[in-house]
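Reader: I have a protein chain on the screen and would like to go through it step by step. Could we take one question at a time?

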Amino acid sequence: MNFVPTREAGLARLAAFLPAAGRRYAETRNADDGPADGGRSNVSMLSPWLHAGLVGEREVLEAVLAAHGPRAAEKFVAEVFWRIYFKGYLEQRPTIWDDYRSGRDRAFAALENSAGLRSAHAQAIEGRTGIAAFDIWARELVETGYLHNHARMWFASIWIFTLKLDWRLGADFFLRHLVDADAAANTLSWRWVAGLHTRGKHYLARADNIARYTAGRAQGPLLAEGLAEDAQPLAEPEDHPRRKLDLPPPVKASDLAAPFALLLHDEAAHHAPLALPAAPALVIGAARPAARSPGETGALARGFAQGALANGMAGAAAAFGCPATEWRAGEPLAALLARAGIARLAVPYLPTGWTRDALWPELAPLAAGGRLVTLLGDLERATWPLAKAGFFGVAKAIDGVLAECGIGPGA
Ligand SMILES: Cc1cc2nc3c(=O)[nH]c(=O)nc-3n(C[C@H](O)[C@H](O)[C@H](O)COP(=O)(O)OP(=O)(O)OC[C@H]3O[C@@H](n4cnc5c(N)ncnc54)[C@H](O)[C@@H]3O)c2cc1C
């Protein structure tokens, strides 16, 4: 499927998938039927638009619940909450991200020092390992910017336990090429497969399981010979203590009374899901896809992130009747604001990850000077505090969170 980086295309995909988001999704979602021109029919493929903030979780949940009701939509709704859970979990344990980055850099340095490792890594990312299924997914990821959830699990498991490569290099490969690359979902899912998220519980890919759930692919079931069947989970010495969440309060129109600029970024590229209580005098767009990795970001992933920002900037300028300007990497933000004669900046919450890493050094002085207003959706505000440990803590509260946020039939 061609992921078009516009809000309109995301909403069109939501509308097209909606009839399948109920019981059919629950029954068929595990099958990796391979890429299809018009998009897969058993999963939504909405994640690129959700990650970029072109479409919001709230509008997806509202549409699916309205179409199917809470019981038939239960599985799909839970998956959307996995996304919110992972973000809330990483927000409370940001050292996991710091640790991932430093471990990734050490793993890249180790490649420099070992021809054997370098060659094993190159074979894996170029799809030349000889494990047919793995090689097909490696190429599919680069060529399409997307992998089915089950394929991501099998791929990560084979990477870690059969090929015995550093998990952080695999997570980096995903971040550079996934159009939906997300610091929280990606890092924590790789850690989950490795046995680091739920300590001691890892995910081992099995050839019979792969064949069963890939039987619908055009070329028939995928083969995966020689997989490690009794590998031990990974372990790490570090503990990642939970820090207290410090969430911004809901924003009122009075918080944005003076002329302000709205900053759109990689994770909040469009104003529509933000429910802004006042109109900005200026829209600023900052796309930083290159900050995902010290390596090169894939063309599809980079193009989607930049296209999403361009779509969001044009949309906001038209909706608010104000100018839109790009904030390029390396350009001082303070000078840009001074030129426009604007002191205050409204910023959609920057969760732990590369977008925050890239933008925060310029935003911190504004925050310290009381010039930053942070926007956070009510779904995140209600869910993140529950994302303390396993997903169960969130899963059992979904009905209550939906009611609190006015989403669904009771709303
Ligand atoms: C190793 C690994 C790496 C991953 N990396 C990412 C990533 O970088 N970005 C990302 O968005 N997801 C990631 N996922 C989670 C999941 O695979 C994708 O969200 C999902 O495949 C996206 O496809 P979809 O939109 O068709 O999902 P659907 O099945 O249609 O689900 C609907 C929505 O729910 C959310 N969702 C579904 N499953 C998950 C999940 N397991 N975790 C978190 N959210 C979920 C997504 O936002 C998705 O768009 C990863 C999973 C694994 C195992």
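Reader: Where is K164 found?
Author: A word first: this is a predicted model. Helix α9 covers 149-162 and helix α10 covers 167-177. K164 is found in the loop between α9 and α10.

Reader: Is K164 buried or exposed?
Author: A residue counts as exposed when its relative accessible area is over 50%. K164 has a relative accessible area of 62%, so K164 is exposed.

Reader: What is phi of K164?
Author: Most residues other than glycine have a negative phi. K164 is not a glycine, yet its phi is positive. The value is near 55°.

Reader: Which loop holds A275, and is A275 buried or exposed?
Author: A275 lies in the loop between β1 (260-265) and β2 (282-286). A275 also has a positive phi, about 50°, although it is not a glycine. Its relative accessible area is 64%, and the cut-off is over 50%, so A275 is exposed.

Reader: Which residues does F320 touch, leaving out those up to four places away in sequence?
Author: F320 has its place in helix α13, residues 299-320. One partner, A279, is 41 residues apart from F320 in sequence, but the two C-alpha atoms are 5.9 Å apart in space. With residues up to four places away left out, F320 touches H271, L276, A279 and P280.

Reader: Is F320 buried, partly exposed or exposed?
Author: Buried means under 20% relative accessible area and exposed means over 50%. The value for F320 is 24%, so F320 falls in between and is partly exposed.

Reader: How far apart in space are L336 and T187?
Author: L336 has its place in helix α14, residues 333-340. L336 and T187 are 149 residues apart in sequence. From C-alpha to C-alpha, the distance in space is 34 Å.

Reader: Is L336 buried or exposed, and which residues does L336 touch?
Author: The relative accessible area of L336 is 4%, which is under 20%, so L336 is buried. Not counting residues up to four places away in sequence, L336 touches L282, I284, T325, E326, W327 and E331.

Reader: What share of the contacts joins residues 24 or more positions apart?
Author: Buried residues make up 52% of the 411 residues. For contacts, the count takes those in the protein chain with a separation of 6 or more. Among these, residues 24 or more positions apart account for 74%.

Reader: How far apart do the centres of the positive and negative side chains lie?
Author: The protein chain has 43 positive side chains and 43 negative ones.

Key:
Residues are numbered from 1 along each chain as its sequence is written. This is a predicted model: local features need pLDDT of at least 70, side-chain atom pairs count only at pLDDT 80 or more; totals for chains, interfaces and linings use all residues. Side-chain values use heavy atoms; hydrogens and water are left out. Buried means under 20% relative accessible area, exposed over 50%, partly exposed in between (1.4 Å probe, protein chains only). Contact means heavy atoms within 4.5 Å. Lys and Arg count as positive and Asp and Glu as negative; His and the chain ends are not counted. The place of a charge is taken as NZ of Lys, CZ of Arg, CG of Asp or CD of Glu. Helices (H or I, at least four residues) and strands (E, at least two) are DSSP runs, numbered from the N terminus.
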